[in-house]
Amino acid sequence: MTKWVRAHTNIALIKYWGKENEELIIPKNNSLSLTLDAFYTDTRVTFDQSLVEDELILDGEKQPHSALGKVQTVLNSVREQAGITSPALVESINHVPTAAGLASSASGLAALAGAASQAAGLKLSQEELSKLARRGSGSASRSIYGGFAEWIKGTDDATSFAVPVDDANWDIGMLFIIVNDAVKEVSSRDGMKRTVETSAFYEGWLKTLDADLKAMKQAISEKNVESVGQIAERNALKMHATTLAANPPFTYWTAESMKAMDAVRALRKKGFTAYFTMDAGPNVKIVCKQSEMTGIKDFLLTHFEADQLIEARPGPGIHTLEQ
Ligand SMILES: O=C(O)C[C@@](O)(CF)CCOP(=O)(O)OP(=O)(O)O
């Protein structure tokens, strides 16, 4: 019986937002993220000749074949590396708070890379696992590692993978504000494609990333949450600005997102270390100190419901569940 593999989701502090190569998922820039404990995916893969085609059972629900795109990209790469042809049964369980509506493609595709390669008898290094996960979804390449990880953009399949930066075993955490007014989102894949192809601000965004990354790594080496937060918030705002200048323009922000951003600024006025980042959705993630999380949460509870607030701390890299 093959084993379950667990991978945790990660939140980028220096964003990946645009591809150099769509098919291989080679990014335009390096990105850097923090893997979190609160959200993760467990996946088990069984290659089985008696199956007619690949099957995905996600949270107990058999998925339509049309939903298997990213999954099959990973499975096909594993079959090619292992010299096998049989279809696979993929069972995946997302441990993401139901209210969250949080995308879990990063943890899902990373867990799939681990489970599929193991089921095919491949013994991949973490670098090779990262490349395999990257083929499924770019941000998944970073979930191979716990703590802070950097995705080196590289120029081709062999040189584009994530590396560990710091284990984050220090006073840093993230508090999610889940905003419930979810609008029909443009997927991150479609959003970044439209932005690269049409945004008047895209080149300006790219020009600032080397400096942001250098400053972020310096802040992490100093364990300086204030600087990590400041750089992350600036980087996220620049990324989201590019969508406003796309054609047609779009934004992931809703009124509730703006309310959450205002609350973070109010937290700073009260003396907390609190900075926000956002991805391809309306939720707001606060970079903060674990030691201030209770005080921050108490303040936020005067503006948001308890089930909208989710605490997260640095999480581990990909691992097999022994039982
Ligand atoms: O995570 C980040 O660096 C920033 C984002 O989350 C901002 F929204 C993008 C993640 O994109 P992903 O879902 O990995 O795209 P894929 O490669 O087209 O599957």
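View 1. Everything shown here is a predicted model, in which local features need pLDDT of at least 70 and side-chain atom pairs count only at pLDDT 80 or more, while totals for chains, interfaces and linings use all residues. Residues are numbered from 1 along each chain as its sequence is written, and side-chain values use heavy atoms, with hydrogens and water left out. By class, the shell holds 7 nonpolar, 5 polar and 6 charged residues. Here Ala, Val, Leu, Ile, Met, Phe, Trp, Tyr, Cys and Pro count as nonpolar, Asp, Glu, Lys and Arg as charged, and the others, Gly among them, as polar. Helix H4 (residues 188-198) supplies the largest share of the shell, 3 residues; helices (H or I, at least four residues) and strands (E, at least two) are DSSP runs, numbered from the N terminus.

View 2. Which residues come nearest to the ligand? Of the 18 around it, they are Tyr16, Lys19, Ser137, Ser139 and Arg189, where a residue is near if one of its heavy atoms lies within 4 Å of the molecule. An oxygen atom of the ligand lies 2.6 Å from a side-chain N or O atom of tyrosine 16, and for lysine 19 the distance from a ligand oxygen to a side-chain N or O atom is 2.6 Å. For serine 137, the corresponding distance is 2.7 Å. Taken alone, the ligand exposes 470 Å², and the protein buries 95% of that (Shrake-Rupley method, 1.4 Å probe).

View 3. The centres of domain 1 and domain 2, taken over C-alpha atoms, are 23 Å apart. Their contact takes 32 residues from domain 1 and 41 residues from domain 2, contact meaning heavy atoms within 4.5 Å.

**View 4. Serine 160 in its loop.** Find serine 160 in the loop between strand E8 (148-152) and strand E9 (161-166). Is this residue buried or exposed? Serine 160 counts as buried because its relative accessibility is 0%; buried means under 20% relative accessible area, exposed over 50%, and partly exposed in between (1.4 Å probe, protein chains only). Its side chain makes a polar contact of 2.9 Å with the side chain of tryptophan 151. A polar contact is a pair of N or O atoms within 3.5 Å; within protein, one must be able to donate a hydrogen and the other to accept it, and residues adjacent in sequence count only if both atoms are side-chain atoms. Not counting residues up to four places away in sequence, serine 160 touches residues including Ile25, Pro27, Arg134 and Trp151.

**View 5. Asparagine 30 and its polar partners.** Asparagine 30 sits in the loop between strand E3 (26-27) and strand E4 (31-47), and is buried because its relative accessible area is 17%. The side chains of asparagine 30 and glutamate 150 are joined by a polar contact of 3.0 Å. The asparagine 30 side chain also reaches the backbone nitrogen of lysine 153, at 2.8 Å.

**View 6. Serine 188 in helix H4.** Serine 188 belongs to helix H4 and is partly exposed, with a relative accessible area of 36%. Leaving out residues up to four places away in sequence, serine 188 touches Trp17, Tyr252 and Ala280.

Conventions: Domains from an automatic or database assignment.
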